[in-house]
Amino acid sequence: MIRILDTPEAVYRAAAWQWMKAALDGAPGIIGLATGTTTTPIHKIITELYAAQPFDTARLSMCAVDDYVGIPEGNIAGCGERVRRQLVRPLGLSAEQVLLPDTFHGEDAPEKYERAIEARGGIKLQILGLGRDGHIGFNYPGTPLNSTAHNVTLPQSTKDTLKRLYALPEERMPTLGLTLGIRSIMMSKAILVAVTGRDKAQTVADALRGPVSERMPASVLQLHRDVLWLLDEEAASLL
Ligand code: GLP
């Protein structure tokens, strides 16, 4: 389903309420998070709602779709750290309520992460942002559609974003990321994709109207039966 909203703020609000719905539905399973610039304001609205009217978070369980390999805890550039700062602490959650990949130990970390998610009943709602080249998580163009969690060499575009947003110096720049795969994402019961801005309008059009292809990872979402695209008018302008 596609919902087109007037403004980016309306997209953030609608996404926050979808998160709330999943958080409060009492059903087992995890809420999967993305940690880009689009999801930051969504998380802020969630914490504002919680601050105004606290709700029961005892059974809440969340995970991150991806993270950089080797960014230490405490560094805001890390996706796990952003999950901790943006949601875990403001909502008063325990560390056990949030699954994050272990990006420091071992080649089997992706597989272990995938298994840990399955052991908690899988992902009931995966929230995604959209990369300009159509990537979801760190699944860049060319990623096999049947991929499970894996390590990935980060492209220069992602390193440039890290540098721009978090002023990460070259010597601390990660070269690898760990991401849930396309198949792992497709196993989620429901998926929400939040996209704003004219610079992603072509990507949105290709993902929603173009052929399903490894060259456009987000196009695979056409094959999922419960996907909600929340778009502002600019992101939807080429549909
Ligand atoms: C990043 C992340 C994704 C994120 C996406 C869009 O590379 N790996 O998890 O959702 O790209 O980011 P943004 O919302 O900042 O455009």
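Predicted model: local features only at pLDDT ≥ 70, side-chain atom pairs only at ≥ 80, totals over all residues.
Residues are numbered from 1 along each chain as its sequence is written, and side-chain values use heavy atoms, with hydrogens and water left out.

**Helix 1**
- Helices here are DSSP runs (H or I, at least four residues), numbered from the N terminus.
- Helix 1 covers residues 8-24, and at 1.5 Å a residue its 17 residues should span 24 Å, which agrees with end C-alpha atoms 24 Å apart. That expected span is 1.5 Å times one less than the number of residues.
- Among the buried residues of helix 1 are Val11, Tyr12, Trp19 and Met20. Buried means under 20% relative accessible area, exposed over 50%, and partly exposed in between (1.4 Å probe, protein chains only).
- Just after helix 1, Gly26 takes a positive phi of about 75 degrees.

**Salt bridges**
- The whole structure has ten salt bridges, each a side-chain nitrogen of Lys or Arg within 4 Å of a carboxyl oxygen of Asp or Glu.
- In helix 2 (residues 39-52), Glu48 and Lys44 sit four residues apart, about one turn, and their side chains form a salt bridge (2.9 Å, N to O). Glu48 is partly exposed, at 41% relative accessible area.

- Glu81 pairs with Arg84 at 3.1 Å between the closest N and O atoms, and with Arg89 at 3.7 Å, N to O.
- Glu81 is buried, at 3% relative accessibility, and Arg84 is buried too.
- Salt bridges link Glu73, Glu81, Arg84, Arg85 and Arg89 in a network.

Note on methods
Helix = DSSP H or I, 4+ residues; strand = E, 2+ residues; numbered from the N terminus.
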